[in-house]
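Here's a quick tour of the charged side chains in this model. Have the viewer open, and let's start with who pairs with whom.

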Amino acid sequence: MPYRAPVSDFQFLMDHVVGFDQIAATDHFADATPDMTQAILSEGARMCEEILAPLNRAGDLHPARLENGVVRTPPGFAEGYNAIATGGWIGMSASKAVGGLGLPMTLTTTINEMIASACLAIQLSPLLTQGQIEALEHHASGTIKELYIPKLISGEWNGTMNLTEPQAGSDVGALRTKAKPNGDGTYAITGQKIYISWADNDFTENVCHLVLARLPDGVPGTKGISLFMVPKLIPDDDGNPGKKNDLRVVSLEHKMGLHGSPTAVMEYAGATGWLVGEEHGGIAAMFTMMNNARLGVATQGVGVAEGALQHALTYAMDRKQGKAPGTGTIIEHADVRRMLASMKADTYAARAITLMNAVAIDMALATGAAGWQARAAFLTPISKAFGTDVGCEVAATGIQVHGGMGFIEETGAAQYARDVRVSTIYEGTNGIQAMDLVARKLMDGGEAAFRLLEEIEQGAEAARATHPDLAEAVWQSAESLRETTEWLVAQDDLNNRFAGAVPYLRAFARVLGGHAHLASAVNGNASRARLATFYIKRMLPEHVGLLAHAREGADDLMAISADDLAA
């Protein structure tokens, strides 16, 4: 599956749409010069195109497997991971104080997207490690930081996240894994975890599991949960991997996609662990990792969308079918052109939103300003849900562009759809993201939302001089979104918000996408203006129906009984 990294899109969005110049102007990120940014994008693209992309199909055809308790990864995965690790890509955004490069999350987001496009099954591993590094930076003791973070940054060790249990999926507070003090500062961890991505491999020296468990005095629910570092191999006095810990991979899941990535059932049988953060403060510590992962998962969706788009476009420009003018290939058919344009326009919009989110994270870190922190928090569920929805939709449309050949595994079109499908489920399902958006993220009375809408309207006002029709459409969409946001904020019954949460999130993403496309039309060439026109005139109007849905409340929805659904 050949892949060409969209470096020009990244550079254009950073220069003209998402405000990367604000980041580079801060003292904290003074090293993020234009030359460094260009070098990072170019080198990351080279790695993804030449080293990682050829592994995507191999991972699908030769899945990770468990042999006599040892996980064996697909051919070439060790070399691919080594390229990521030795290139310094894992610790890009880790602070310099712990050995990272201290670069903006915005640049890490571009690299993560490229790796996801090239080979999503591999990208999961460094993504989880990046999240673990951030969690340890914020919550771990100095001893744990000094021992683990350098190894994680170098890629010698990799990190995982252990939340889910058979009876505790989205309801993390229902977990049963126990932690018993050993009396020497360590804890005995006992329990079972499921769906653990990259729980083991055959190319890193150690695997570092962050495990949620309950201490003997932990109260029921999430408030009684603590977080522990539980390594596969217990480090010796010199910090090197020592004896095997009392944990094991029970089995690997047989998954719909992501076959190259081992997803394990893990058993902890009195395994030795070390407390990370405060006792009973595990959820707060783990959510540091999860919030990092949510932006990362958004980039997975966008990355797969880009890969599926390129795959479908190549096919459409080669396949001859029916009577078509010009080249005689199917790209000349209006409906095929519509599908490809929709795929490209939505991928671009989702990419812009993830970069807006990353810029807010960087500015919050660099300035400490509450406004940037609120914006980063508000954009995170939108990025995660819309980015992964777009990944699934673009991959499905890519199959449709291929026609019958898309349903044939040999073409590779179906792999994109199979691989990306789980991204809408993990790190909090997209429904949970939407509920978070209309509840917790509107607890400020909608202030963060209204600030974003004000900027969208200001951008539209400025664009009226050159693109009046497009500007008016974007301005009106922001006004409609403002009215619905006000309606949601006024609802005391959260069920009225939850009933329309998913369409509201989608509408917000649609409008943000219109904002990004309009800025691209104003600042870009004729090609970008044509794509913006397609999005704003044909895709942005979707927000009208979505907002009508969002304002209907819960009464008619909850009036539909289980018997009605079964009838």
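## Ground rules

A salt bridge here is a side-chain nitrogen of Lys or Arg within 4 Å of a carboxyl oxygen of Asp or Glu. By that rule, the structure holds 31 salt bridges.

This is a predicted model, so local features need pLDDT of at least 70 and side-chain atom pairs count only at pLDDT 80 or more, while totals for chains, interfaces and linings use all residues. Residues are numbered from 1 along each chain as its sequence is written, and side-chain values use heavy atoms, with hydrogens and water left out.

## A buried pair and its network

Take Arg 351 and Glu 113: they form a salt bridge whose closest N and O atoms are 2.7 Å apart. This one links distant parts of the chain, with Arg 351 in helix 9 (residues 334–367) and Glu 113 in helix 6 (residues 105–139), 238 residues apart. Helices are DSSP runs (H or I, at least four residues), numbered from the N terminus.

Buried or exposed, where do Arg 351 and Glu 113 fall? Both are buried; that label means under 20% relative accessible area, with exposed being over 50% and partly exposed in between (1.4 Å probe, protein chains only).

Glu 454 belongs to helix 13 (residues 447–463) and Arg 482 to helix 14 (residues 468–489), 28 residues apart. Glu 454 counts as partly exposed because its relative accessible area is 36%, whereas Arg 482, at 15%, counts as buried.

Then there's Glu 542 with Arg 506, where the closest N and O atoms are 3.5 Å apart. That pair ties helix 18 (residues 542–550), which holds Glu 542, to helix 16 (residues 501–523), which holds Arg 506, and the two residues are 36 apart. Glu 542 is partly exposed at 33%, and Arg 506 is buried at 13%. As for networks, salt bridges that share partners join Asp 9, Glu 113, Glu 306, Arg 351 and Arg 528 into one.

Now for a negative surface patch: Asp 492, Asp 493, Glu 552, Asp 555 and Asp 556 form it. Patch residues have over 30% relative accessible area and no salt bridge, and like charges are joined within 9 Å. Asp and Glu count as negative, and the charge is placed at CG of Asp or CD of Glu.

Asp 555 sits in helix 19 (residues 555–559). Its relative accessibility is 67%, so Asp 555 counts as exposed.

Notes. Patch = residues over 30% accessible without salt bridge, like charges linked within 9 Å, V, L, I, M, F, W, Y side chains within 5 Å. Areas by Shrake-Rupley, 256 points an atom, 1.4 Å probe, with all protein chains shown as cover.
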